[in-house]
Number of protein chains: 2
Amino acid sequence: MTNHWLLPEGIDEVLPPQAARLEQLRRRLLDLYASWGYELIMPPFIEYLESLLTGTGNDLDLLTFKLTDQLTGRTMGVRADMTPQAARIDAHRLQRTTPVRLCYLGTVLRTRPDGFAGSRSPLQVGAELFGHAGVESDLEIVALMLATLDATGVGGVHVDLGHVGIYRGLLRDAKLDAATTDLLFDALQRKASADINALLAQADITVNARDPLAALADLNGGVECLDAAAIVLRDAAPDVRQALDDLRRIAAGLQARRPRVPLHFDLAELRGYHYHTGPVFAAFVPGHGQAIAQGGRYDDIGRVFGLGRPATGFSADLKTLMAHAAPEPLAARAAIFAPWGADGPLQAQVQALRAAGECVICALPGQAGGAHEMGCERELRKVGTEWTVVGVSVNKSYGICRPIFLGGVFAPAGGWFREAHIGGGVWPAPTLHDKQGR
Amino acid sequence: MTNHWLLPEGIDEVLPPQAARLEQLRRRLLDLYASWGYELIMPPFIEYLESLLTGTGNDLDLLTFKLTDQLTGRTMGVRADMTPQAARIDAHRLQRTTPVRLCYLGTVLRTRPDGFAGSRSPLQVGAELFGHAGVESDLEIVALMLATLDATGVGGVHVDLGHVGIYRGLLRDAKLDAATTDLLFDALQRKASADINALLAQADITVNARDPLAALADLNGGVECLDAAAIVLRDAAPDVRQALDDLRRIAAGLQARRPRVPLHFDLAELRGYHYHTGPVFAAFVPGHGQAIAQGGRYDDIGRVFGLGRPATGFSADLKTLMAHAAPEPLAARAAIFAPWGADGPLQAQVQALRAAGECVICALPGQAGGAHEMGCERELRKVGTEWTVVGVSVNKSYGICRPIFLGGVFAPAGGWFREAHIGGGVWPAPTLHDKQGR
């Protein structure tokens, strides 16, 4: 027999009770974004390829699964990143002149895993701010990224900041040939100073253009590296100096809002699918080599859809965030077992309990297992003439269940606060004096 | 310029404010399922093809988009139905002996639209009950299907009931050849009595086997058709008569629970991808030719995954349900516009309002549009030394905004109850005496 149940590498599924926890995080984040004014969009899973890849560069193309549309013969792609979809929606569908704040949460697929043992089906969550070119919108996005990490319980975060405009401006003024440009980009990503110096020594380039490029790989560290950069870039073009100043303003804003979050700067950081145009940022946690959330400015990506707009945003994989969240107390199912029956008052009671947010599981005639095996610590029983919720106590030695009458109080067979693993709500339970089958 | 923004036929996206409404429905349904004891699962978007299509028949194969796994060269499929995935998870991942209740909600993709102008990317929502063979679990599933329609505000529902065991049993005893079987199946789906009679007249078949098959196409209508069927099937095999009896018990259970929902019976109905094995059911609304929710019993589909189990379930497209829901009052954004600034008390007030469930949108320096253009009917202003929420009034003739001081009460510039279109909560607003720029 073939292994019909093996999932492809990097493709995962989420089972109970983790799926309920993920749903809870989903709601918490979408509520957070709503409270900041970010409107939810649900972009399509597949689009024509040219629409999906517009302005995003080659990296995303290689990561995108291709499909043939049987209706038209055209090539479609499965989304590998929802950011360009948000840009298309802002530019083509909404067409507002005011700033537009959008958020999204959904699965994206990638042909190759993201790093070592990485996922090919991240649950991408993110927020994008269109229509404002100032550093304030970058600052809002970084603050929202940090609020996202707070809401998911990810701790020990530090933020990396960079600005691709510095490298781009220096490169433009250096007028290097394409081959040298590619090699330099590669060497910078590796921070290989020897390679960079060798490349620039051979290049046809002025000293004024060469020195700042050569220095970039070393311009990283704490906020003091911005002062060092100011000296290195003192003769650079105005837009390069402006970029450095923008970075400083974002850093100052973050320090004012989130003084305890360590900032790290890296002026050689060129994150993203070649589509960033300004400040870039990423959040890291100890023990995880890759960023757990990242983003940056990508102005004008929507031009091909009819409206070039300033844009900045961040995204993350919710499953990665959940894996790095502080462990929450083990979820226990708070459920009530009800007998099967068409009895009117019983049905009414079941309905009332469910409407009140309780989980009521109906016994199926002849089913395997009873209240305890079905994860119920209470059950609905007829006491006198009334259907009443009573506790179930388990006699472990005999494996039988005995109800405990709780006088109509809905109480679980445990005296602690527990979190219902379905339904998402926190369900406080009163203390109970008797538990283990006495 | 090519039309970079055109979506493929049958592929859609959901924009604000509809996306927020869909999210609200999503939560309502998952909470409903949780209250019935159905645990959420999140099956993968893609799987190896043989895993995805096991036991589901040819129809689903044709509807499934195929992808090549670049890591292994194997063929993967994009899920076109989540039911078989739920069966795999029950059989292989959970492996419980007790009844298992699972629910799911997610996008599925199909190579061809579902009917005229149909979708190729339904948002499938459904629930499955594994491990119980009795009609009580079918009844629970039909009741949950109806509760789903109630929760989404779909009215005027009637339910179609059938049982593929009747046709299957009669066919087995008739011992027809494969070609006649296929033609008969086709004729029955069309209820083409003349074709059916002609086929059966030519077939090598006993009168006892022929007459019930010939009668099937006419056995549809109200509950009285079950009495007619009992006469037609009086000499049929015991499992056929049991199937009819099961149908009658499900009908009686539904009439007791939901007396106002009209029931319709059709013993020639053979819904599903050939994987149903027992009762089948569907919900219809006036003016929509296709079922808006459907399901049935599909025992033993999990056997290939290691555990054959009784199984019954239903599913629907949440976007179709939303389209048929009673129109809700137009959602208005209840938002507060706040000035940009690092001012500590301002930041604290913004944070407190958001934590209280309010939507606070920060002005971005130099942005296009003010409070009104950003959809805010209130704003945060410094009154004396305190940051206070005040109403915004719009002078339409001049297009300017004027704040109205509300003495610290959070009130919108309208005196009705409105539903926030983001965040999902209902936000009751106190009456306000002054509105239009006076």
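Residues are numbered from 1 along each chain as its sequence is written, and chains are lettered from A and ligands numbered from 1 in the order in which they are written. Because the model is predicted, local features need pLDDT of at least 70 and side-chain atom pairs count only at pLDDT 80 or more, while totals for chains, interfaces and linings use all residues.

**Chain A as a whole.** Select chain A, which has 13 helices and 19 strands (DSSP runs numbered from the N terminus: H or I of at least four residues for helices, E of at least two for strands). Of its 438 residues, 47% are buried (20 or more other C-beta atoms within 10 Å of the residue's own; exposed means 12 or fewer, partly exposed in between, with C-beta atoms placed from the backbone). Among contacts in chain A between residues at least 6 apart in sequence, 66% join residues at least 24 apart (a contact is two such C-beta atoms within 7 Å).

**A three-stranded sheet.** Next, select β2, β4 and β3 of chain A; in that order they form an open sheet of 3 strands with antiparallel pairing (strands pair if DSSP finds at least two bridges between them). β2 (46-48) and β3 (66-68) of chain A are the edge strands, each with a single partner, so one side of each has no neighbour in the sheet. From one strand to the next, the twist averages 40 degrees (between N-to-C directions of axes fitted to C-alpha atoms, on a scale from 0 to 180 degrees). β2(A) is joined to β4 (residues 75-78) of chain A by 3 bridges. Within this pair, Ile46(A) is opposite Val78(A).

**The core.** Now select Ile336(A) and Ile336(B), the residues with the most contacts inside the largest nonpolar core, which has 244 residues (buried Ala, Val, Leu, Ile, Met, Phe, Trp, Tyr and Cys joined through C-beta atoms within 7 Å). Leaving aside residues up to four places away in sequence, Ile336(B) touches, among others, Leu353(B), Cys359(B), Val360(B), Arg378(B) and Val389(B).

**Backbone exceptions.** Most residues other than glycine have a negative phi, and most peptide bonds are trans. Select Pro16(A) and Pro17(A): the bond from one to the other is cis, with omega near 0 degrees. Pro17(A) is in the segment before α1 (18-35) of chain A. In chain B, Pro16(B) and Pro17(B) are also joined by a cis bond, with omega about -5 degrees.

Finish at Gln95(B), a non-glycine with a positive phi of about 50 degrees, in the loop between α4 (83-94) and β5 (100-107) of chain B. Gln95(B) is partly exposed because it has 14 C-beta neighbours inside 10 Å.
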